[in-house]
Amino acid sequence: MYDYDLVVVGSANADLVIDVERRPAAGETVLGGDLAVHPGGKGANQAVAAARLGARTALLARVGEDGHGRLLLDSLRAAGVDTVGVLEGGAPTGVALITVDPSGDNSIVVSPGANGRLAPKDVRASAALLHASRAVSAQLEIPLETVVEVVRNLAPGSRFVLNPSPPRSLPPEVLAACDPLIVNEHEARVILGADRTGGDPEDWARLLLAEGPRSVVVTLGADGALVCDGSGAARVPSVAVDAVDTTGAGDAFTAALAWKLGTGAELPEAAAYAARVGAAAVTKRGAQESYPTASEVEAL
């Protein structure tokens with residue numbers, strides 16, 4: 001019997017968000033709306049999204065001993081996330097500077113802070129936490145060597161889900177563990193190289209699958225998603241909603257997908273559910289504040 005449905009290993013940031021009429025060009029200053037501070041970071045976002053859906057969730061992360069760290073811990077606990085794996089100290093809490101335009105699109109710059117101090121030794125010390133879950137998810141807002149250590153400490157039979165964001169080249173050891181590797185178009189281009197992503201998303205997915213993952217999911221925004229494994233590729237339709245803010249929607253998608261896969265769902269079924277969760281998330285402002293409950297997803 002597993003103690004958790006999902007353990008997330010990743011970042012925890014304070015999101016500093018400003019609405020703008022348009023994003024500035026190089027050397028340009030634009031005026032924006034009032035500053036809003038929200039709990040965020042891809043790891044914390046995924047943990048909160050899964051917990052809001054009803055998954056028994058824990059997070060392995062690092063925050064600073066500061067006000068932003070307390071904000072994150074409070075948000076995680078309020079959502080029902082087990083924070084036994086959230087370490088404190090070593091650097092200030094990570095911060096994401098986010099601008100959001102009227103269409104809901106965003107641009108983000110991240111100062112990793114304490115996230116950059118989540119080290120392989122922390123993963124080894126928390127191996128029991130990883131072994132207590134049927135599924136483990138990670139992202140790349142923490143050091144790559146830490147993600148490698150996560151792969152090396154997975155329990156036999158557990159499922160590893162990776163969203164390589166921000167994207168970078170991945171070692172074969174990590175790629176081989178991904179089931180699935182979840183990428184958007186930009187991430188696919190970085191991993192494959194721009195010269196190999198000129199065709200259809202189906203082509204990208206097959207090329208990515210050939211790099212070693214057991215399965216691949218390509219997210220396509222309003223066009224839904226594409227899932228691909230050894231049995232072939234299939235499209236997952238999107239859900240039509242009025243987007244208000246896309247911040248954190250990809251994290252909600254990843255969390256829902258990882259949780260559903262851990263329960264034994266097939267990849268297309270899990271991706272279809274995750275698409276509904278991601279769609280619900282863009283209808284509200286913020287990241288964690290926008291994540292739906294299971295009943296809200298069913299009502300969408």
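Guide: Helices (H or I, at least four residues) and strands (E, at least two) are DSSP runs, numbered from the N terminus. The model is predicted, so local features need pLDDT of at least 70 and side-chain atom pairs count only at pLDDT 80 or more, while totals for chains, interfaces and linings use all residues. Residues are numbered from 1 along each chain as its sequence is written, and side-chain values use heavy atoms, with hydrogens and water left out.

Visitor: In which helix does Gly278 lie?
Guide: Gly278 has a relative accessible area of 11% and counts as buried, where buried means under 20%, exposed over 50% and partly exposed in between (1.4 Å probe, protein chains only). The helix that holds Gly278 is H10.

Visitor: What separation do the C-alpha atoms of Gly278 and Ala44 have?
Guide: Along the chain, Gly278 and Ala44 are 234 residues apart. Their C-alpha atoms are separated by 16 Å.

Visitor: How many residues are in the largest nonpolar core?
Guide: A nonpolar core is a set of buried Ala, Val, Leu, Ile, Met, Phe, Trp, Tyr and Cys residues joined through side-chain atoms within 4.5 Å. In the largest one, Leu59, Leu76, Val81, Val217, Phe253 and Leu257 touch the most other members. Among the elements that give two or more residues to this core are strand S1 (6-9), helix H1 (42-53), helix H9 (249-262) and helix H10 (267-281). The number of residues in the largest core is 47.

Visitor: How many residues does the second, separate core have?
Guide: Val9, Leu144, Leu175 and Leu192 are included in this second core. Its number of residues is 40.

Visitor: Which residues does Leu257 touch, not counting residues up to four places away in sequence?
Guide: Contact means heavy atoms within 4.5 Å. Leu257 is one of the residues that touch the most other members of the largest core. With residues up to four places away set aside, Leu257 touches Pro180, Ile182, Val217, Leu267, Ala270, Ala271 and Ala274.

Visitor: Is Asn115 buried or exposed?
Guide: Asn115 lies in the loop between strand S7 (106-111) and helix H3 (120-125). Beyond its neighbours within four places in sequence, its contacts include Gly10, Asn13, Arg62, Gly94 and Glu141. Because its relative accessibility is 1%, Asn115 counts as buried.

Visitor: Within what arc do the buried residues of H8 fall?
Guide: In helix H8 (residues 201-210), the buried residues are Pro201, Glu202, Trp204, Ala205 and Leu208. They line one face of the helix, and their cover includes strand S10 (178-183), helix H7 (185-192) and strand S11 (215-219). The arc is that of the directions from the helix axis to the C-beta atoms. Seen down the axis of H8, it is 160°.

Visitor: How many salt bridges does the structure hold?
Guide: Side chains of opposite charge can pair when their charged atoms come close. A salt bridge is a side-chain nitrogen of Lys or Arg within 4 Å of a carboxyl oxygen of Asp or Glu. The number in this structure is 13.

Visitor: How many residues apart are Asp101 and Arg23?
Guide: Asp101 forms a salt bridge with Arg23, with the closest N and O atoms 3.2 Å apart. Asp101 is buried at 14% relative accessibility, whereas Arg23 is partly exposed at 35%. The pair links distant parts of the chain, the loop between strand S6 (94-100) and S7 and the loop between strand S2 (13-19) and S3, and the residues apart number 78.

Visitor: Which helices does the salt bridge of Glu173 and Arg152 tie together?
Guide: The N to O distance in this pair is 2.8 Å. Glu173 is partly exposed at 34% relative accessibility, and Arg152 is exposed at 52%. The two parts are 21 residues apart in sequence: helix H6 (residues 172-177) and helix H5 (residues 144-152).

Visitor: In which strands do Asp179 and Arg159 lie?
Guide: Asp179 and Arg159 form a salt bridge with the closest N and O atoms 3.1 Å apart. Asp179 is buried at 15% relative accessibility, while Arg159 is partly exposed at 22%. Their places are strand S10 and strand S9 (residues 159-162).
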